[in-house]
Amino acid sequence: MSVQGKTIVRRAVCPGSFDPITNGHLDIIERASRLYDVVHIAVLINKSKQGLFTVEERIQMIEEVSAEYGNVVVESHHGLLVDYCRDRNIPAIVKGLRAVSDFDYELQMAQMNIGLSGVETLFVPTSPTYSFLSSSLVKEVAAYGGDVSHLVPALVHRRLVARIAERK
C-alpha cells in the first residue's frame, strides 16, 4: 500500500507458545495473513515451562504449515511482547478468543500492552470448530492414545505421536 508516495507495510504479530501448533492457531494465522502484509509469529519462550517440543522444533513446524500463506515470519522471543513489537515496528497484536473466559485475561493484557507501548490488540473470534481447542488439551489426549489427527496439521500429528512414543 502506498500513501503520499510512501510504502506502508501493515504488520501484526500472533504470539503464543505453539507447543504444538493446532488447527485453531492456524485458523487465526491464516485470517491475519489476509488482513496484514506481514504476520510475525512470535514463539514465546517461557524458561519455567518444559515444552514437549523445543522452540526450534516449534518454529520449524510453524514455518512448514504456514508456508502456503506467503507472508508469515516465524521467530522466537523471550521477554515482553511489546519489546518484540517495538524492535520490529509492529503496531498490532492479533489474538484468538475461544470463549468468554479468555476475554478477561486477554483484555487485561491488551490494556497493559497499549499502556506500555501503544501497541493495539485485535481480538479474532475462533472458529466454532476450534473453540475448545488448546495445545495442552491436544497433548493430554494424544498422551492417552486419543485421536487428535483432526485437531492439528498432519505433519504436526506425525511428530506429536512420535514424540509421545519416545517419552514412554
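Trainee: What makes Asn89 count as exposed, or is it buried?

Mentor: Exposed means over 50% relative accessible area, buried means under 20%, and partly exposed is in between, using a 1.4 Å probe and protein chains only. Asn89 has 63% relative accessibility, so it counts as exposed. The residue sits in the loop between α3 (81–88) and β6 (92–97), and its phi is near 55°, a positive value in a residue other than glycine.

Trainee: What kind of model is this, and what are the ground rules?

Mentor: It's a predicted model, where local features need pLDDT of at least 70, side-chain atom pairs count only at pLDDT 80 or more, and totals for chains, interfaces and linings use all residues. Residues are numbered from 1 along each chain as its sequence is written, and side-chain values use heavy atoms, with hydrogens and water left out.

Trainee: Where is the confidence lowest and where is it highest?

Mentor: pLDDT is the predictor's confidence in each residue, from 0 to 100. The protein's mean is 93, with 96% of its residues at 70 or more. Strand β1 (residues 2–3) is lowest, at a mean of 56, while helix α2 (residues 55–66) is highest, at 98. As for the element names, helices (H or I, at least four residues) and strands (E, at least two) are DSSP runs, numbered from the N terminus.

Trainee: Why is α2 called roughly antiparallel to α6?

Mentor: The two helices, α2 and α6 (residues 154–167), pack at an angle of about 155°, with axes 10 Å apart. Angles over 145 degrees count as roughly antiparallel, under 35 as roughly parallel, 65 to 115 as roughly perpendicular, and the rest as oblique. So α2 comes out as roughly antiparallel to α6. The axes are lines fitted to C-alpha atoms, for helices over the stretch in contact, and angles run from 0 to 180 degrees between N-to-C directions.

Trainee: Which residues in α2 and α6 meet?

Mentor: Contact means heavy atoms within 4.5 Å. From α2 you get Glu57, Gln60, Met61, Glu64 and Val65, and they meet Leu155, Val156, Arg159 and Arg163 in α6.

Trainee: What makes the Phe103 and Phe123 pair edge-to-face?

Mentor: Rings of Phe, Tyr and Trp (its six-membered ring) pair if their centres lie within 6.5 Å; planes over 60 degrees apart count as edge-to-face, under 30 as stacked, and the rest as tilted. For Phe103 and Phe123 the centres are 5.8 Å apart and the planes are at 65°, so edge-to-face it is. A search of the whole structure finds one aromatic pair. Phe103 is in helix α4 (residues 100–117) and Phe123 in strand β7 (residues 120–125), so the pair ties together parts 20 residues apart in sequence.

Trainee: Is Phe103 buried, exposed or partly exposed?

Mentor: Partly exposed, because its relative accessibility is 34%. Phe123 gets the label partly exposed too, at 27%.

Trainee: How do you know whether Phe18 is buried or exposed?

Mentor: Its relative accessibility is 4%, so Phe18 counts as buried. Phe18 is in the loop between β3 and α1, with phi near 50°, a positive value in a residue other than glycine. Pro20 is also found in the loop between β3 (11–16) and α1 (23–35), and the peptide bond from Asp19 to Pro20 is cis, with omega near 0°.
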